[in-house]
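Thanks for asking me to look this one over. Below are my notes as numbered points, with the cut-offs spelled out where each term first comes up.

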Amino acid sequence: LPGETIIRGTSFHTVSCLGKGELIGLTIQQYGPGQWFAVLCAGDGAVAEITDCDIAGATNSCVGISEGAGPTIKGCKIHGSQTGAGIAVFAGGKGTIQDSEIYENAMSGLEVLDEESEPILTGNTIRANRADGVLVAEQGKATLEENKIFRNFHSGIEVRENSTVTGNKNEISGNNMGVIVAKGSICNLSENKVNKNYITGLEISNCSTEEDDPRSEVQNNEINYNLESGIKVWYHGAVNLTGNNSIANLGETKLSPRSRRHVNLGEVEEGQPKGPFGTNTVKELMQILYPPVIPDDPVGADEAPAQEDGE
């Protein structure tokens, strides 16, 4: 039965996947001195299938994926790293992680580092990690689809140091910050719900502002009920914002003067009203609670003045 077989390591990686294979329904733990993974997948031929496993207690990250490895991790619980992330993808690691829970790790739930690293995450729950839900840095790449990313101590998704993330239909809520994009990075977001975070919903800064350089594409997202700005673009931020709803955030949407000329708000169709945020709908909480009052017309204002007798 799943979980009845326990493999526990103390002085090395508990399981090393260097080729093809299957791990099904196991409890895999790593304890003891050193910096070891509970599961390490390394090398171009490492395409193991890891299914319905409980992977816990690593003195490094729980799962390490490196050097071209491309495992499929499905239906697993990955938690309890004492010093690292739930899953660390580095040195060209790939792989697909789906329908898994990644939670309560000392650092981020998923950490992606290095130029050739590029995992795909679909349908996971990433929660209660002590840093980011997902951190992509040092030119890493990641694709995130239909994940629930919530209650992480820092941000739901952080993209920095010339990295790239594509995120579609994720729910990002209850983190300190929803999504952070910085230091030359790109984050393409479509149809996500970035709601109820404790600081900003989406924050973009320090990007390339050259006209011909690619920039983040943020379109058709719901960015609502965050306790500071729903959208904040500042300090050399650059982004294309199209068709987003930013509703009932406690702070104002902020486009700093230095960044505003590098923000494209989309082209409003002919005949449609054009507001200050182009194709994006922005209604701050204070506007909803205290809408502007339009005074009633004075009585008789529309009537012609009465003529006096004899005129």
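1. Tyr235 counts as partly exposed, with a relative accessibility of 44%. Here buried means under 20% relative accessible area, exposed over 50%, and partly exposed in between, using a 1.4 Å probe and protein chains only. Trp234 is partly exposed as well, at 35%.

2. A word on the basis of these notes: this is a predicted model, in which local features need pLDDT of at least 70 and side-chain atom pairs count only at pLDDT 80 or more, while totals for chains, interfaces and linings use all residues. Residues are numbered from 1 along each chain as its sequence is written, and side-chain values use heavy atoms, with hydrogens and water left out.

3. How many aromatic pairs does the structure hold? There are three. Rings of Phe, Tyr and Trp (its six-membered ring) pair if their centres lie within 6.5 Å; planes under 30 degrees apart count as stacked, over 60 as edge-to-face and the rest as tilted. For Phe12 and Trp36, the ring centres are 4.9 Å apart and the planes stand at 45 degrees, so this pair is tilted. The two residues are 24 apart and link distant parts of the chain: Phe12 is in the loop between β1 (5-9) and β2 (15-17), and Trp36 in the loop between β4 (26-30) and β5 (39-42). (Helices, H or I with at least four residues, and strands, E with at least two, are DSSP runs numbered from the N terminus.) Phe12 is partly exposed at 46%, and Trp36 is partly exposed at 23%. Trp234 and Tyr235 form another tilted pair, because their planes are at 50 degrees, with ring centres 6.3 Å apart.

4. Trp234 also has a charge over its face: Lys232 lies there, at 4.8 Å from the ring centre. The criterion is NZ of Lys or CZ of Arg within 6 Å of the ring centre and within 35 degrees of the ring normal. Likewise, the charged end of Arg130 sits over the ring of Phe153, 4.6 Å from its centre.

5. Do look at Arg215, in the loop between β26 (202-205) and β27 (216-219). Is Arg215 buried or exposed? Arg215 counts as buried, at 14% relative accessibility. Its side chain reaches the backbone oxygen of His262 at 2.7 Å. Leaving out residues up to four places away in sequence, Arg215 touches several residues (heavy atoms within 4.5 Å), among them Ile186, Glu210, Asn240 and Val263.

6. The open sheet has eleven strands with parallel pairing, in the order β3-β6-β9-β12-β15-β18-β21-β24-β27-β29-β32. Two strands pair if DSSP finds at least two bridges between them. At the edges, β3 (22-24) and β32 (263-264) each pair on one side only. Further in the order, β27 pairs with β29 (residues 239-242) over four bridges in the parallel sense, and Glu217 stands opposite Asn240 in β29.

7. Now the core. A nonpolar core is a set of buried Ala, Val, Leu, Ile, Met, Phe, Trp, Tyr and Cys residues joined through side-chain atoms within 4.5 Å. The largest has 58 residues, and those with the most contacts inside it are Val39, Ile50, Ile55, Val63, Ile78 and Ile87. Beyond its neighbours within four places in sequence, Ile78 is in contact with residues including Ile55, Val63, Ile87 and Tyr103.

Conventions. A polar contact is a pair of N or O atoms within 3.5 Å; within protein, one must be able to donate a hydrogen and the other to accept it, and residues adjacent in sequence count only if both atoms are side-chain atoms.
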